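Notebook open, model loaded. I'm going through the fold piece by piece and jotting down what I look up.

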Amino acid sequence: MSTQIREIDNYFSFKPELLPLGVQSPCEIFVQEDGEYKVLIKQGEHFSLEIKNNLKEKNITNLFVSIHNKKVFQDFLLEFKPKEYFDSLLDRYTINNESYYKIEKECIDPEIPINFCLYLHDGKSFNLLLDASEENPKNISEDKLSEGDILISKKDLNRYNEYLQKLIKEGKTETKILKETTKLILRDIYSEPINRKNLMILGDKIDEIINYGTLESKVLENFLIMKKLDNYNYVHSLNVMTLSLSLGLKIKLDKEDLRLLGIASALHDIGKTKISPLILSKLGKLTEKEFQIFKTHVIESVKIAKELGLPEKVIEGIAHHHEKLNGNGYPFKLKSEKISFFGKIIAIADAYEMLTTPKAMKYALTPYNALLILVQDKGCYDKALLETFIKMLGRLI
Ligand SMILES: [Fe+2]
């Protein structure tokens with residue numbers, strides 16, 4: 001193995017399981033040993049069983065590719081391991097064939113016993129951190145949670161949710177818990193067919209956020225800070241919902257309207273669940289045909305909202321979230337006066353959220369630059385709403 005040392009920021013990591021066996025690598029693959037990046041597989045070489053076993057023996061769980069080769073490498077994975085690649089985009093952990101869910105470690109309270117196991121993934125290894133169960137609940141001290149990602153088994157998601165509910169009952173209604181519980185609901189909604197039960201839970205959650213009262217100050221700030229690098233569709237929806245509700249609160253919508261706006265903004269992209277993941281996760285520009293398919297997510301969202309019997313205001317908000325005031329939006333190419341009020345709010349929140357979220361190949365814009373783009377996109381967004389939105393986010397810039 002030849003040695004090459006490069007800046008850590010010039011690499012991105014992935015799991016060895018993602019590499020297809022016996023296929024020529026499109027670029028150099030590196031391994032990190034003793035703090036150095038060493039070439040493991042040269043461009044054109046195969047990932048062999050021997051190399052795989054060698055990695056296992058050394059307990060190496062992360063491989064690296066130079067950031068310059070990211071697109072080449074992702075195209076390669078998309079071709080040979082589409083499902084695994086898609087899962088990796090979703091930040092899912094699959095270890096020994098079991099699925100794990102990354103939890104927000106700030107939501108673990110050292111004083112409240114946990115009745116499920118916690119695992120630690122520090123980027124190199126995966127270990128059992130807390131061996132707890134229903135019969136044997138345990139507490140965990142803060143210092144043990146400091147390094148790496150904290151994971152739980154997917155089968156313990158309900159228990160985790162119950163744990164969060166317990167925290168809320170104990171009066172610990174901090175933003176992080178509110179966000180984590182809302183995230184779990186949206187996760188369900190975006191991963192299974194939506195039904196009335198989870199819709200009702202979503203409605204309750206929105207009420208809870210509205211009633212929390214200080215949405216436009218602390219909650220908003222913390223929700224956005226906690227955004228990090230999540231790639232999930234539902235996290236995008238959660239952020240759009242937060243931004244829409246914050247704007248709704250700022251312009252003093254009444255409680256009922258806020259609730260409906262919350263539902264519309266949370267479900268605005270629900271139709272994406274009907275679009276092929278290959279299109280949704282494609283790197284680079286979509287072809288004209290792919291873009292036509294992508295655009296159908298609006299109609300699909302509307303269909304789902306209608307099936308759920310949601311009020312007209314919600315349906316309109318969902319239907320108009322990609323319309324532009326100058327008539328250049330889609331799917332209806334509506335002009336200003338025809339676009340619903342909720343549609344105008346969600347369009348701003350959605351556009352801002354997209355611009356400030358890092359994509360596979362693009363860096364996220366800073367809030368300042370994202371807002372600047374919205375302002376420069378003359379004739380696209382409602383001027384008064386955009387001005388309020390900018391003032392509202394002013395503190396974050
Ligand atoms: Fe959308």
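This is a predicted model: local features need pLDDT of at least 70, side-chain atom pairs count only at pLDDT 80 or more; totals for chains, interfaces and linings use all residues.

**Strand pairing**

β2 (residues 29-33) and β4 (residues 63-66) run antiparallel and are joined by 2 bridges. A reminder to myself: strands of a sheet pair through backbone hydrogen bonds, either parallel or antiparallel.

Next I wanted the whole sheet. In what order do its 4 strands come? I get β1-β4-β2-β3, an open sheet with antiparallel pairing. The edges are β1 (11-14) and β3 (36-41), each of which pairs on one side only. From one strand to the next, the twist averages 45°.

**Leucine 18**

I followed the chain into the loop between β1 and β2, where leucine 18 lies. Is leucine 18 buried, exposed or partly exposed? I find 17 C-beta neighbours inside 10 Å, so leucine 18 counts as partly exposed; buried would take 20 or more. I also checked a contact across the sequence: leucine 18 and leucine 77 are 59 residues apart along the chain, yet their C-alpha atoms are separated by 7.4 Å.

**Whole chain**

I stepped back for the totals. The protein chain has 16 helices and 9 strands. Of its 397 residues, 30% are buried. I looked at contacts with a separation of 6 or more, and 68% of them are between residues 24 or more positions apart.

**Lysine 252**

Lysine 252 is not a glycine, but its phi is positive, about 60°. I place lysine 252 in the loop between α8 (233-250) and α9 (255-266). Lysine 252 counts as exposed because it has 8 C-beta neighbours inside 10 Å.

I note the crossing of α13 and α14 as right-handed. Which residues meet there? From α13 I list Lys313, Glu316, Gly317 and Ala319, and from α14 Phe342, Gly343 and Ile346.

Then I read through the loop. Proline 331 sits between α13 (312-319) and α14 (341-355). The peptide bond joining tyrosine 330 and proline 331 is cis, with omega about 0°. Lysine 333 lies in the loop between α13 and α14 too. I logged a positive phi for lysine 333, about 50°, although it is not a glycine. Is lysine 333 buried or exposed? I count 12 other C-beta atoms within 10 Å, so lysine 333 is exposed; the cut-off for exposed is 12 or fewer.

**α16**

My last stop was α16 (residues 383-393). Here I find Leu386, Phe389 and Leu393 buried. Why do I put these three on the same side of α16? They cover an arc of only 60° around the axis. The general rule I had in mind: an α-helix has 3.6 residues a turn, so residues three or four places apart point the same way.

Terms used:
Residues are numbered from 1 along each chain as its sequence is written. The arc is that of the directions from the helix axis to the C-beta atoms. Two strands pair if DSSP finds at least two bridges between them. Axes are lines fitted to C-alpha atoms, for helices over the stretch in contact, and angles run from 0 to 180 degrees between N-to-C directions. Two residues are in contact if their C-beta atoms, placed from the backbone, lie within 7 Å. A crossing is left-handed if the near helix is turned anticlockwise from the far one by less than a right angle, and right-handed if clockwise.
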